[in-house]
Amino acid sequence: MADVLFPVSLDQALDLLAKTEAPAVLAGGTDLLVQVRQGKKTPGIFVSLDRIEGAQEILETETEIIIRAGAPLARIMAHPAIRDHGSVLAQALAVLGSPQIRNMGTLGGNIMTASPAGDSLPPLYALDARVQLAGPEGFRRMPVRDFIQGPGKTALAPGEILWQANFTKPAPGTCHWFEKVGQRTALSISMVSLAALFRPDPDGRVSKVSLAWGSVGPTIVESPETETFLLNKPLTREVLAGAGDLARQAVRPISDIRATADFRRQVAGNLLMRLETPAKGKRLTRY
Ligand SMILES: Cc1cc2nc3c(=O)[nH]c(=O)nc-3n(C[C@H](O)[C@H](O)[C@H](O)COP(=O)(O)OP(=O)(O)OC[C@H]3O[C@@H](n4cnc5c(N)ncnc54)[C@H](O)[C@@H]3O)c2cc1C
C-alpha cells in the first residue's frame, strides 16, 4: 500500500497534491480504502486530512452553518447547531451506514463519492448548500447541485481539496424531514430517499418548500413542478397525493440489484405522504 502523508495545514496539503505522483486525498477512508483493496483505485500516495488545522470544524455564524469537509459524520449528526438548524441533515446521517462508518466517514468523503445513494446529498440540496473548494489559485465556491455532475463525478479539479459545505439557516418554523427506504433498517444503502424542508403558515398552507430525492436518477433529483404545486396549499392527503403524481414524473430511476425502477418511482411519490404528519404539528422534526 502507498505511503500516507499528514500535512498540518491546508497550504501544505495543496502543496503535496501539486508535487506528488498520483496523490489521493484520504479522509475517513471508508470508501477509498475499499476501492483500493478491490483494485479499482491505485493512488501513488495518500494525503490525509486528519491533522490539517480546522479541517474538522463545524461553525455557526448568525446566519450560516459551515461544516468543514473533514468533519466526521457522527460529530455532525450530534452537533447542537446541526440539530437546531440542519435537522434534515442530522436525520440523514443518523441512518448512514453503521456507528463505525459514521465515526470514520466524513461529510467531504460522502459528497465526493457523488453517489445518487449518498445520504448527505438530498439534505444538502434541500438546504441549498454551497461548497467551497481550495486549490493552488485560492478558493472557489458553487452550489452543491452544480458541484455534483453525475454518478461519481464532481467539479473538483486535479490539485483541489473540497474544504467545506455551508448553508443558510432555514427560517424559524421550518419543518425538516428525511426518510430513506432500504432493504433493511440498519446498514443499508438507500433504494429511495427524500429530504424535505417546508414552512407551514399559521393557517397550515405551505409558504416555502424544498424537496430532493436520492437513488432515483443519475444524481439527486429535484422537482420544481412538485414544489410549485405544493405552494400555498395545506398538506392534506389529497394535496400530497397530487404532488406524489408529479414527483413520479420527475424521477428517472433505474432497476438494479436493490430495486426495480417501477418500485422506486412509486415509492418516490409515496414518501411525500409522510409530510402530512409533521405538517399537523405532531412531530415537526425527529430531533
Ligand atoms: C459498510 C459501509 C456502509 C456504508 N453505508 C453508507 C450509507 O448508508 N450511505 C452512504 O451515503 N454511504 C455509505 N457508505 C459509503 C461511505 O462510508 C461514505 O460515503 C463516507 O461518507 C465516505 O467518507 P470518507 O471520509 O470515508 O471518504 P474517503 O473514503 O476517505 O474518500 C472518498 C473519496 O472522496 C475523496 N475525498 C474525501 N475527502 C475529500 C476532500 N475533502 N477533498 C477532495 N477529495 C476528497 C477521496 O479521495 C475518495 O476518492 C458506506 C460504506 C461502507 C464501507
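1. Domain bounds here come from an automatic or database domain assignment. With that in hand, the protein chain is divided into domain 1 (1-53) and domain 2 (175-279). The centres of domain 1 and domain 2, taken over C-alpha atoms, are separated by 37 Å.

2. A word on the source: this is a predicted model, where local features need pLDDT of at least 70, side-chain atom pairs count only at pLDDT 80 or more, and totals for chains, interfaces and linings use all residues. Residues are numbered from 1 along each chain as its sequence is written, and side-chain values use heavy atoms, with hydrogens and water left out.

3. Now for the overall build. The protein chain has 13 helices and 13 strands (DSSP runs numbered from the N terminus: H or I of at least four residues for helices, E of at least two for strands). Its radius of gyration is 19 Å, close to the 19 Å that the globule rule gives for 287 residues, so the chain is as compact as a globular protein of that length. That radius is taken over C-alpha atoms, and the rule is 2.2 Å times the number of residues to the power 0.38.

4. How much of the protein chain is buried? Buried residues make up 51% of the 287 residues, where buried means under 20% relative accessible area (1.4 Å probe, protein chains only).

Note on methods
Buried means under 20% relative accessible area, exposed over 50%, partly exposed in between (1.4 Å probe, protein chains only).
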